[in-house]
Amino acid sequence: MSRVGYGAAQLDRLHDRRGEAVALLRRAVELGVDHVDTAEFYGFGFANAVIREALRPDDGVMVVTKVGADPNPGGRLPLRIAQRPEQLRASVEDNLRSLGADRLSVVNLRRLDTGPGLRPEGDQVVGLDDQLAVMTALRDEGKIGAIGLSSVTPDVLRRALPAGIACVQNAYSLVSRDDEDMLRLCAAEGIAWVPFFPLGGAFPGLPKVTEAPAVHAVAESLDVTPSQVGLAWLLHHAPNVLLIPGTADPAHLEANMAAGEIAFDAEALAALDAVESRSTNVPIG
């Protein structure tokens, strides 16, 4: 599998230019993307619809989706938490329908235990065992191929290991490295580490990779962009890292893919490793 894939969240920026969105995804395949991250709540189904139109069976692209939140059209936020077992099952069915698929290769259960974003309250505080029960049932039924986790703590991951976990998606970047222990645990267990917000800065209060002076210095020395340095550092940092940077711009897409070819010498790596890390535990809502 290519270590640099594509995150479909930003496809919604092309909502009124569907043809451009389809062409962007086709270009991603041409550049070697073979895994795409999506969700039903990305553009209220728009991203999934574009993926369904753009990707062909012989492209060999793995589509990874997620459950734990549903679209919330007209709401203050574009999504609402959906953690209950019956909601997880319904979300899987929604993704199957919008993607036009009989089976979802990988489905990430977004728990919302850690990292930036919403936190579950009331009846949305659901035990892990209840959630894994429905996820494994869906796998046994052939509706999903593998289970991933997102926004979880190391303790939750350890408890989930017997269910068979393919990947973990947590907020993580050069400037937000709270999850070093989790990353090492994933590497030891053969689990892919798929950081979201790989350049930080998605919410107010989060640090941005492109604001770190060391990143700019390394970028200038290599004649690449600071964003490319941030992505390349992640790939160099651990062998089980897979990236899913998102963009709606073809030039940015090409730059993101080229980050996989960037090499650092020992001095550059040391300078980047020394960048201060700040927490991503910033709630919103």
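Colleague: In which order do the seven strands of the open sheet lie, and which strands are at the edges?

Modeller: In this predicted model, the order is β1-β2-β3-β6-β7-β8-β9, with parallel pairing. The edge strands are β1 (6–7) and β9, each of which pairs on one side only.

Colleague: How many bridges join β7 to β8, and how many are there between β8 and β9?

Modeller: Strand β7 (residues 144–150) runs parallel to β8 and is joined to β8 by four bridges. Along this pairing, Leu-149 stands opposite Val-168 of β8, and Ser-150 stands opposite Gln-169 of β8. On the β9 side, two bridges pair β8 with β9 (residues 192–193), again in the parallel sense. There, Cys-167 has Ala-192 of β9 as its bridge partner.

Colleague: Which helices belong to the β-α-β units that contain β8, and what is the handedness of these units?

Modeller: Helix α5 (residues 154–160) forms a right-handed β-α-β unit with β7 and β8. Helix α6 (residues 180–189) forms a right-handed unit of this kind with β8 and β9.

Colleague: Is strand β8 mostly covered or mostly open?

Modeller: As a general idea, in a regular strand the side chains alternate between the two faces of the sheet. In the case of β8 (residues 165–169), four of the five residues are buried, so the strand is mostly covered.

Colleague: How should I read the nonpolar cores, and which residues have the most contacts inside the largest one?

Modeller: In soluble globular proteins, nonpolar side chains tend to be buried together. The largest nonpolar core here has 80 residues, and Tyr-6, Leu-157 and Phe-264 have the most contacts inside it. Another core, of eight residues, lies apart from the largest one; Val-106, Ala-192, Val-194 and Ile-244 are among its members.

Colleague: Which residues of helix α2 are buried, and what do they pack against?

Modeller: In α2 (residues 46–54), the buried residues are Phe-46, Ala-47, Asn-48, Val-50, Ile-51 and Ala-54. They pack against the helices α1 (18–30) and α3 (85–99) and the strands β2 (35–37) and β3 (62–67).

Colleague: How many aromatic pairs does the structure hold, and what is the geometry of the pair formed by Tyr-172 and Trp-193?

Modeller: A pair of aromatic rings is described by the distance of the centres and the angle of the planes. The structure holds four aromatic pairs. That of Tyr-172 and Trp-193 is edge-to-face, with 5.6 Å centre to centre and 85° between the planes. Because Tyr-172 lies in the loop between β8 and α6 and Trp-193 in strand β9, the pair ties together parts 21 residues apart in sequence. Both Tyr-172 and Trp-193 are buried.

Colleague: What is the geometry of the pair of Tyr-172 and Trp-233, and which parts of the chain does this pair link?

Modeller: Tyr-172 and Trp-233 are stacked, at 6.4 Å centre to centre and 25° between the planes. This pair links the loop between β8 and α6 to helix α8 (residues 226–237), with the two residues 61 apart. Trp-233 is buried, as is Tyr-172. Ring pairs thus connect Tyr-172, Trp-193 and Trp-233 into a cluster.

Methods: Residues numbered from 1 in each chain as written. Predicted model: local features only at pLDDT ≥ 70, side-chain atom pairs only at ≥ 80, totals over all residues. Heavy atoms only, no water. Buried < 20%, exposed > 50% of the residue type's maximum accessible area, 1.4 Å probe, protein only. Pairing = 2+ DSSP bridges. Right-handed = clockwise from strand over helix to strand, strands pointing away. Core = buried A, V, L, I, M, F, W, Y, C linked by side-chain atoms within 4.5 Å. Phe/Tyr/Trp six-rings, centres within 6.5 Å; stacked < 30°, edge-to-face > 60°. Contact = heavy atoms within 4.5 Å.
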